[in-house]
Amino acid sequence: MLKRIDYDVQQHTVYSAGRALTAEQAQLWSGVFATWAGAQKPLTVLDLGSGTGRLTPILADTFGGPVYGVEPSERMRQQAERAAGHPNVQYLAGSAEAIPLPDRTCRLVLMFLVFHHVTDRRAAVTEIRRVLQPGGRILIRSAFSDRMPDLLWHRFFPRARRIEQQVFPSLAEVTRLFEEAGMAVIGIDRVRETLAPDLAAYAQRLRLRAISTFEHLTEEETQHGFAALDQAVAAEDTPGPITMDSDLLVLGAPPA
Ligand SMILES: C[S@@+](CC[C@H](N)C(=O)[O-])C[C@H]1O[C@@H](n2cnc3c(N)ncnc32)[C@H](O)[C@@H]1O
């Protein structure tokens, strides 16, 4: 059994630097969200598990808002309040299992790299259904254990892939939970984004260990992985951009 990751312990110290989005990534995700949500404005949006507010102001710019960023980690939330403020964004303490909003508040719910951290997934899905307006949409950016993409960093840290296969739910599991709560799958998108201009820049970013899976690896295997990565950087003779593919599952609440 893997330990639960508490972002108040370690990840909050590295997350903003290690996971900062480029302007190009921000624009990409804004476009993807608008494609699936419909870009009608204004939309009330819930960024569930908003962390440091990496995506929350982007949602406000894309959909107008109000946008609520709900986040259980106090330290992640404090950073969002300090560095990711926006006139139409409000950050709130809460969790997917206990969303501090009235019924039928939101037209759109985003969970970006959050669902796998949720302990009581059934309670979370019930809460999401409660706060969604009829016809509202849910966007879940996650890996799924039964369709894991080939991630570059897993090649250097081979046990990370096996750990993530345990940590991430399967697509069937997530779909079943939402369907049992009366919601339906609308589609699944595979999105390709550029993470870094070359392997050296990618390695420098990865060194911050702003991926919670690192907390499940031993220090020895982590050092071993970074040594292998450094060798690959030294051997890179034609540097090129590092890309990553990821899944976005789109679900909908029934119309009124
Ligand atoms: C990988 S971070 C993603 C943060 C943000 N969505 C982003 O993409 O930058 C995962 C976040 O989920 C939060 N989290 C963990 N358990 C949660 C829960 N039960 N409900 C809501 N958020 C949760 C963590 O505190 C953390 O901020």
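Which residues in H1 meet residues in H4? His 12, Tyr 15 and Ser 16 in H1 meet Arg 75, Met 76, Gln 79 and Ala 83 in H4, where contact requires C-beta atoms, placed from the backbone, within 7 Å. This is a predicted model, in which local features need pLDDT of at least 70, side-chain atom pairs count only at pLDDT 80 or more, and totals for chains, interfaces and linings use all residues. Residues are numbered from 1 along each chain as its sequence is written.

Helix H1 (residues 11–18) packs on helix H4 (residues 74–83) at an angle of about 40 degrees, and the axes are 9 Å apart. H1 is therefore oblique to H4. Angles under 35 degrees count as roughly parallel, over 145 as roughly antiparallel, 65 to 115 as roughly perpendicular and the rest as oblique. Axes are lines fitted to C-alpha atoms, for helices over the stretch in contact, and angles run from 0 to 180 degrees between N-to-C directions. The crossing of H1 past H4 is right-handed (the near helix is turned clockwise from the far one by less than a right angle).

The ligand has 20 residues around it, of which Gly 49, Gly 51, Arg 54, Ala 96 and His 117 come nearest; the cut-off is a C-beta atom, placed from the backbone, within 6 Å.

Residue classes are tabulated below.

The protein has 10 helices and 7 strands, taken as DSSP runs (H or I, at least four residues; E, at least two) numbered from the N terminus.

Technical notes
Contact = placed C-beta atoms within 7 Å.
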